Structures are given as C-alpha cells and as structure tokens.
2 protein chains.
Amino acid sequence: MVNQERLWQRLMTLAEIGRQPDGGITRLSFSPEERAAKDTVRRWMEEAGLSVREDAVGNLIGRRSGQQNDGPVVLTGSHLDSVYNGGNFDGPLGVLAALEAVQCMQETGVETALPVEVVAFTDEEGARFRFGMIGSRGLAGTLTADHLEAVDANGVRIRDAMTAVGLNPDDIGQAARSSGSVAAYVEVHIEQGTVLERANLPVGVVSGIAGPLWLKFSLRGQAGHAGTTAMDARRDALVGAAAIIQEIEAACRQEVHTVGTVGQLTVEPGGVNIIPGQVEFTLDLRDVDAAVRTRVEQRIRTVAARICADRQLDLSIAVLQDIAPVRCDERIQAAIRTACAQVGLSPLTVVSGAGHDGMQLQHLCPIGMIFVRSKDGVSHHPAEWSSPEDCAAGAEVLYHTLLQLSQG
Amino acid sequence: MVNQERLWQRLMTLAEIGRQPDGGITRLSFSPEERAAKDTVRRWMEEAGLSVREDAVGNLIGRRSGQQNDGPVVLTGSHLDSVYNGGNFDGPLGVLAALEAVQCMQETGVETALPVEVVAFTDEEGARFRFGMIGSRGLAGTLTADHLEAVDANGVRIRDAMTAVGLNPDDIGQAARSSGSVAAYVEVHIEQGTVLERANLPVGVVSGIAGPLWLKFSLRGQAGHAGTTAMDARRDALVGAAAIIQEIEAACRQEVHTVGTVGQLTVEPGGVNIIPGQVEFTLDLRDVDAAVRTRVEQRIRTVAARICADRQLDLSIAVLQDIAPVRCDERIQAAIRTACAQVGLSPLTVVSGAGHDGMQLQHLCPIGMIFVRSKDGVSHHPAEWSSPEDCAAGAEVLYHTLLQLSQG
C-alpha cells in the first residue's frame, strides 16, 4: 500500500540536512538545519495535498480533512530535531511514515470520519537546551514561561531562540489543544533496542513508555592507607558500592522489562594507594509499570541499606528525577495489532525504554506507538539504521491503524 | 631506662616546626622547615655527646664510638620530613627514639663493640618531588643522577634543591656506604595501622615490609541507551568492574597479611542514562611474602578474565609499579623479641604495609623494624598520635636491641 521507495528517498533527503563530516546528523531546535528540515517536509506535505500550518511553538502540522471536520483529530508524527551527531531515523521516520500513510489515504481517496493531522514536533531531544519535548509540551498545554528560561551552551534562552525564528514566546498558550480535541496520538519510532531484531520482526506494538527514576547514592566510609589498613579494619566505600551495583543488576534481571543502569561513579580521595572514603553513583531505573519499578526500587534500597550496615558505611540516597511511566492506550494497541494482522505481521508487544513526545500528551488524549526494528539497537549515533523494508512496514501498519482510529 | 619525658618534649618541640594553621605538619625536603628540624636534632645529638656530621645527600648522622671503632656500624634512625599536612610521629619518632636510646647508652656509660650511628634520612616521604627515600638511597649507593631530575610542583629539580641548600649533586656517590660497613639497620616507626591497638600492645616486631604491586585494569564493553537496552543485551563495563572489585576483596581476605585496594575508578562515557562502555581502575596489592602476593595476583587475574569473558568485555591489565617485598632479618627480629622480653612486653609479630627507608638498605645490610602503636591507625594526618608511654616503650625496646646488635 505505502510507497517504500518514496518514503526511503525522503529519509535519505532529510539525512543531508545537518549532516556532519563523519556522517552523523546534528539538527538542533530553532537552528537553520531544523528550519530547513521543516521546510522540506512542509513542501512534501503540500505536495500530498495536506493543509499545512505551524503553531505557536513551531510544530509543523499537515492536515487531511475528515467527514466530521470539526470533530476531534487523529494526530500522528514525531520530531525532526536530533541529538549532537545523531542518526537519521530517530524522529524523521515517525514524521515521514505519518506523511506516507496519510499520502496513501489521499491516493486511495479513502474517506475518514475524523480528520488526521501529521505533526513534526519542535525539539523532542532536548540536546540544545537540555530541556526537550518543547513542541509536544506546547501542544499539550503544559509548556510554561519558566521552561523558556532554559539556556543553551551559548547562554541563549529558549525564549530568545523562539524570537529569533519569528515565534512569540508570549503566545505559547495558543499551541495548546483543548480537552477532547485530539481523539488519539499514534507515533512510529525506531525501537533503539534489540528486542525486535532478536525476535526477527520488523515492527512491534508498544505497551508503554518507561519512566526514568534517577537516584544518587552517596556512600561514606573511611579513607585510609592502602598498605597499613588490614582488610578487616576497612570501611571501603567503593567495595560497598560494587556490591550494590551487583545487586542492582540482579534485582532488575528478576523482572521482565525493568532496566537499571549505574552510569556515573566517582571515588574520593581517588589515590591509587588510598582506601576510598567516599563514593557517589547514579542509578537510572526504568519500567513501563510503575508498581514494578517501585518494587525493584524498594528491593535495591533494602539491599543497599543492608550492605552499608554490614560494612559500616553511611548511606544516603537522593532522588534526582522521577518521571512516571506512561501506559499506551489499550484500544490503540488493539488497532495496531489488527493492522499488523492485516499486513501479515506477528504483533509482538514491546516496551519503550526511552522517552517520547507521546508522554507529554498523556493527559490530552490516548496514545500509542509502533516500533520499527533498529539494527543492533544502535541509536543517537551515526550508525543508527533501519532497513527500507522495515521503515515501510512501520508506515504500512500506521496506515491501517489510522484507518481504524479515524472511523470516529 | 629511657627518659620518657625528654623524648616526649623533643617530639613536641619538633611538632612546632612546619606546623600548619589546622595543626598538621608540612616539612618538605630541602625546605627551611626540614633544615630547622635537622638543626634542632643536630643540637640534641651534640648535647648527647655524639659526633655529628651530614653526608653528601644531607643525611644527618650522630655517631657514638665503639670498641672496634673501625668496625661495621649499627645504624638506627628514620626521617624528619613529612607529607603535606601530615602528623608528628611518622619519621620523627624513629629519629628521636634512636637518639634517646643512644643517649641512654651515653648516660649509663655502657661500652659496645661496634659504633652506633643515629641517622635522620633526607626525604623519605617523596611528597615534594613524588620521589622519596632520597637519603636512604644515597646511603645505600643506589641514588642516581637521573633520580635528581625529578621536579617539584614549581619545576624545581632535586638537583637544584640540593644546590640551593649547599649540597653538590655531583657528590652523591660520597654518601654511599661500602659493602660490609653497616652491621645492621634498625628503625622505630609508628605502625600506621590498628593491629597493635587491637592487640592492646605498645610495640610490635616487624617481620617484613610489603611491596606494592600497582595494576591498572581496563574493561571495554559497549556504551548504550540506559532505557532501550535490555538487561540481557548489555555489555556493561561497570557491572563487570564491580564484580572484579568484589573478588579482589575476597581473594585478599583469604590470606593473612595481603591487602588489596581499588583506589581510582573512572567510567566512560559517564552519562546518567548511558550504559558504561569503558571502565578503568587501579589495584594496589601488597604482601610481605612475594609468593603470597603472586598467588593472590594470579587468583585475581584468573577471576577477572572469567568475569570479562562471561560478560563479553575486553580486559587488559597493565603493571604500573612492582616493588618487591622486603623480609626483616631473622637475627634482628630475634634481638627485638629478646628486648621485648627484657622490658616485659609480649613480642607480637606484625608486618609493615607501608614502605620505609629500610627497604632501600636491603642489599647493604640486614634490616629490622620496631613498630609503635598508632591511635586508630591514623597517619599522614594531623590526628596521627602515639602516647608518650608507647613512644618510650619503642625507644626502650630499641635500646635493648641496639645493645645486642652492637656486641660485634
């Protein structure tokens, strides 16, 4: 149904915008590169006969009318910005698969009860301002004036960057959609993991988006001379931390979808011949099920407390960030499964470990996601890759999903 | 026998030289503070009736004649320099206990066959030039012109520092003692550990000085997204390192005297939400018995290789430093044990985890050490402390030891 060649050519065309010398892509929000990408997609939207506009936070929107043209809209899309030196599929595939699906509707002349809108959200990644999902927050009505004070590496605020591209930061409220005005949001995105690859499947049905809990563990023992302090007289903060790190892995492995990562660790005083007196490390803990995540968190806290008590270490744990997991809507998941069946694909349920724009829309409308197989699970890297066939399969499943969701 | 009050007053007098605002002591080599300390001790040596000189590397030497005055000398002492903001006992106690013991010989008028020399070595700690034991290397004849190229934080070479205090760096060979000219070296030093404190004993007989083996472990796995990479699809270098750190502790605990310390650890890329792709950490491994240390090292290497193979991590291990352990001479140990018995002390055998000047003299003469109890094992810190009674006990044991060793 969908035009695999057209979809792939558009992906390859976008890949030239913001391309770096080593092949990666850098398209930061409100940059000339992001502008060029939006202009290119705008032209394709217009070629497809969509009614195109940009809203008050810069979201690019191409609309196809429905029979109930003042009824709620079915929204589909993703983002066009990238991380520094990122890949070509994280974001663009969701925008172009949405465009491809809606262009197929145009070409088949199918009529839908509800209008369908293709959206390219402004700044999902947050690479420039270390604050992301600006466009989806704006559309959800949760973006605030405070958020616009975040600055980039040059001290430029989001507010300033918006003004520079002709947006009025005082008008962000105009981008907010009203309650009931969005019937559903569904997004195609690369998996960024290896579940589909290992299952030998091109697409998956996302059941939820994991929310990251970020904790900082601080262990305080007693620094001392590496030569003169007997093993049984030590209060070594690093050996205690190592024991906790082992237990974090074990606790996560007991669950199906939980992932836990210690990504930062510092040792004080840090001399080769000095027993570590203090260690700090972070934990990023995620699950799509809030109850499971809490169970694992409690298990980790309990075992960490026991390890530190046994080793006479002082332990404190601070919460750096706590984002609740988001469940995908059951009706949308069912529609995606039906669509998979229609195109002859086995509908494997997967979870999203990474955050996506849909998280911001959770209180506005039901959301759903379709994942496309990633080669080797690599993402945010020039080697990010999904095959033309897999990209088309994602668009095809989206097409059949949109037909169901837009019945009204 | 020894004069506890005199010994203590001298310790307290030295504590004023190089004293820092927070109570620590900084007496770097070739500094005005080290000079002032040597001048003070020189005056006390002269008061005790010793024949005083300084050799070509600045070692301060006070000599008491023996009946065989051209026979080999019994050498005893320690150093007067300190680390940055160090304590008052590491070094000075050994010099002043030696002076006290020899002054007692003077006062009792005892005659010995062999001459006895009290030595205050130049720069044991290496705090200034990150190269230490300069005086003992010079006396052993192992100090080279290359060594003198080491620079301090201001770019001043050892060579320059020597010239500035009136020493000729080209004359260092004149400090070397000839083979057979030193009958024994015995040193009183604070334990810097808690073995004596836990055994409730003021002094201990040192059986050997542990040599540090420094290894650097490099583990390379695969960095990845903390949210999207399933637990069983990870090659997390930090979890692997944590497992090895646990095994290092376990391997050391299987032995009596082995100590192993991971004091430095770095994680790459180091993002909260990025799986560690690379970890480097150091190991400081020590034992007084080279064979035991090698056995533990092999056990650690084997288990590290297994852990990394299981986790698909690349492992490399580099040797940063490998200093052989030094055994204390059995005859000197026996003399110290006899001395302990003479003063009514139980002769507990202990090991030295830290390095000492005696290590440099191992090929020149038999060496021995007497340890004095350290409060809480604290050293290289203003809180370093040994009681007046314990310091006197160390000097008393040394006195009786020197009487035996100087019989000829």
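Start by selecting Glu117(A) and Arg63(A): their side chains are joined by a polar contact of 2.6 Å. A polar contact here is a pair of N or O atoms within 3.5 Å; within protein, one must be able to donate a hydrogen and the other to accept it, and residues adjacent in sequence count only if both atoms are side-chain atoms. Before moving on, note that this is a predicted model, where local features need pLDDT of at least 70, side-chain atom pairs count only at pLDDT 80 or more, and totals for chains, interfaces and linings use all residues. Residues are numbered from 1 along each chain as its sequence is written, chains are lettered from A and ligands numbered from 1 in the order in which they are written, and side-chain values use heavy atoms, with hydrogens and water left out.

Stay with Glu117(A) for a moment. Glu117(A) sits in strand β4 (residues 116-121) of chain A; helices (H or I, at least four residues) and strands (E, at least two) are DSSP runs, numbered from the N terminus. Is Glu117(A) buried or exposed? Glu117(A) counts as buried, because its relative accessibility is 3%, and buried means under 20% relative accessible area, exposed over 50%, partly exposed in between (1.4 Å probe, protein chains only). Leaving out neighbours within four places in sequence, the contacts of Glu117(A) include Arg53(A), Val74(A), Thr76(A) and Arg177(A). Contact means heavy atoms within 4.5 Å.

**Next stop: helix α1 of chain A**

Select residues 4-14 of chain A. Among the buried residues of this helix are Leu7(A), Trp8(A), Leu11(A) and Leu14(A). Their cover includes α2 (32-47), α3 (92-108) and α10 (388-405) of chain A. At the N-terminal end, look for Asn3(A), which caps the helix with a side-chain oxygen 3.2 Å from the backbone nitrogen of Glu5(A).

**On to α10**

Pick Thr401(A), which lies in helix α10 of chain A. Thr401(A) counts as buried, at 0% relative accessibility. Its side chain reaches the backbone oxygen of Val397(A) at 2.7 Å. Beyond its neighbours within four places in sequence, Thr401(A) is in contact with Val186(A), Ala335(A), Ile336(A), Ala339(A) and Ile370(A).

**Across to chain B**

Now select Thr228(B), in the loop between β8 (224-225) and α7 of chain B. Which backbone oxygen does the side chain of Thr228(B) reach? It is that of Gln192(A), at 2.5 Å. Thr228(B) also touches Glu191(A), Gly193(A), Gly353(A) and Ala354(A), among others, and counts as buried at 11% relative accessibility.

Click on Gln192(A) while you're here. Gln192(A) lies in the loop between β5 (182-190) and α6 (195-199) of chain A, and has a positive phi of about 65° although it is not a glycine. Gln192(A) is buried, with a relative accessible area of 3%.

Asp376(A) also has a positive phi, of about 60°, without being a glycine. You'll find Asp376(A) in the loop between β16 (367-372) and α10 of chain A, partly exposed with a relative accessible area of 47%.

**Two cis peptides**

Select Glu268(A) and Pro269(A): a cis peptide bond joins them, with omega about 0°. Pro269(A) is in the loop between β10 (265-268) and β11 (274-275) of chain A. In chain B, the peptide bond from Glu268(B) to Pro269(B) is cis too, with omega near 0°.

**Last stop: the two chains together**

Show both chains. Chain B can be laid on chain A with an RMSD of 0.1 Å by a turn of 180° and a shift of 0.1 Å along the axis (superposed by least squares on the C-alpha atoms of residues with pLDDT of at least 70 in both). That is the relation of a two-fold axis. In chain B, the C-alpha nearest the axis belongs to Ala242(B), 2.2 Å away from it. Both copies use the same surface: 100% of the contact residues of chain B recur in chain A.
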